[in-house]
Amino acid sequence: MYSIQIAAVAIVIAGAGCGADSSGSDERFILLFQNKNRFVDVHIPEGYEAGTPVPVVLALHGSGDSGSGFQQGSGLDEQADKYGFMVAYPTASTSNWAEGCNCNRPDIDGVDDVGFTDKVLEMLDEKYSIDKNRLFVIGFSQGGMFAQRLACERSDIYKAFSSVAAMISEPLSRVCFPSSPVSMMMINGTADAVLPFNGIPSGSFATKGAYETMIMWKNRNNCVGVIDSGTFRTSNPRTILHNVGGCPGSANVRLYEIENGSHVWPRGGLHAPALLVDYFGLNQ
């Protein structure tokens, strides 16, 4: 059992969540975990009232970024204020998350990022009124690969997951057997040069392709329906939606395939924050 200490630093971060696009408030927390200070930036939505539980989205940054950096660029705070949910932006202990591939430095060094995210939720539950039946995970790039790991290991805690410009690592896919049905939404570009749509077939950093990852979740969920594929957007960027049917436990698995899409967090005609809010049911 790791000791945990929490220090709250009440700050307003200029341009990081509380700017023109957001009217809520921000707090930064320092958690001592595995003898190392870890940071979590939290956006509290406009109109939040203690005693009224709100949903929480755990937002995982990409390689080389930070929680505060992802907060500035993701556009999630604007959606949080509009629909009344909280967003927590933890920061990895190094430039990467321990995604479960046993191929990167945090995995090799024994960083327990799954345990760290557990502690983030405990801290949020202590400090705020959160709806523990409406907890969600999103991740971009390497943060999306870690979101895939949380889907494997914490399906009993989070209601749904999403990865953007990411898929599951090949080593993790072989040991991924979640205890509960998993709802997973993926957004991937076919021209992604960092994490290719068709995956990395071999080597230490091998991954499944985006479509393969969707099939894996279909199989892990024992979905019996067909995959319904059709055009979601005809204009730039043209996007195909693959939707898996017949999943038990109300699980929902889908993949947005962006034709000629690169390694980006989409905020243009295809708006990732709005898609996530709709998929998680946070706009209802």
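A disulfide here is a pair of cysteine sulfur atoms within 2.5 Å. With that in hand, here are some notes to read beside the structure.

1. **What kind of model this is.** This is a predicted model, in which local features need pLDDT of at least 70 and side-chain atom pairs count only at pLDDT 80 or more, while totals for chains, interfaces and linings use all residues. Residues are numbered from 1 along each chain as its sequence is written, and side-chain values use heavy atoms, with hydrogens and water left out.

2. pLDDT is the predictor's confidence in each residue, from 0 to 100. The protein has a mean pLDDT of 91, and 92% of its residues reach 70 or more. Be careful with residues 1-20, where pLDDT stays under 50. Where pLDDT is low, the predicted coordinates should not be read in detail.

3. **The disulfide of cysteine 152 and cysteine 176.** The structure holds 3 disulfides. In one of them, the sulfur atoms of cysteine 152 and cysteine 176 are 2.1 Å apart. The torsion about this S-S bond is about -100 degrees, so the disulfide is left-handed. Cysteine 152 lies in helix 5 (residues 142-153) and cysteine 176 in the loop between helix 6 and strand 8, so the pair ties together parts that are 24 residues apart in sequence. Helices (H or I, at least four residues) and strands (E, at least two) are DSSP runs, numbered from the N terminus.

4. **Around cysteine 176.** Is cysteine 176 buried or exposed? Cysteine 176 is buried, with a relative accessible area of 0%. Buried means under 20% relative accessible area, exposed over 50%, and partly exposed in between (1.4 Å probe, protein chains only). Setting aside residues up to four places away in sequence, cysteine 176 touches Cys152, Ile168, Met216, Trp217 and Arg220; contact means heavy atoms within 4.5 Å.

5. Cysteine 223 and cysteine 247 have sulfur atoms 2.0 Å apart; here the torsion is about 105 degrees, so the disulfide is right-handed. With the bonded cysteines numbered in sequence order, the pairing is 1-2, 3-4, 5-6.

6. **Two nonpolar cores.** A nonpolar core is a set of buried Ala, Val, Leu, Ile, Met, Phe, Trp, Tyr and Cys residues joined through side-chain atoms within 4.5 Å. The largest has 52 residues, and those with the most contacts inside it are Val42, Met86, Leu124 and Trp217. A second, separate core of 28 residues includes Phe70, Tyr256, Trp265 and Phe280. In soluble globular proteins, nonpolar side chains tend to be buried together.

7. **Aromatic pairs.** Rings of Phe, Tyr and Trp (its six-membered ring) pair if their centres lie within 6.5 Å; planes under 30 degrees apart count as stacked, over 60 as edge-to-face and the rest as tilted. The whole structure has 11 aromatic pairs. How are the rings of phenylalanine 70 and tryptophan 265 arranged? They are edge-to-face, 5.2 Å centre to centre with 85 degrees between the planes. This pair links distant parts of the chain, 195 residues apart: phenylalanine 70 is in helix 1 (residues 67-74) and tryptophan 265 in the loop between strand 11 and helix 8. Phe70 and Trp265 also belong to one aromatic cluster with Tyr89 and Phe140.

8. **A charge over a ring.** Arginine 38 lies over the face of phenylalanine 116, at 3.8 Å from the ring centre. The rule used is that NZ of Lys or CZ of Arg is within 6 Å of the ring centre and within 35 degrees of the ring normal.

9. **Backbone details worth a look.** Asparagine 236 and proline 237 are joined by a cis peptide bond, with omega about 0 degrees. Proline 237 sits in the loop between strand 9 (227-233) and strand 10 (239-244). Glutamine 34 is not a glycine, yet has a positive phi of about 50 degrees; this residue is partly exposed, with a relative accessible area of 24%. Asparagine 260 also has a positive phi, near 65 degrees, and is exposed at 66% relative accessible area.
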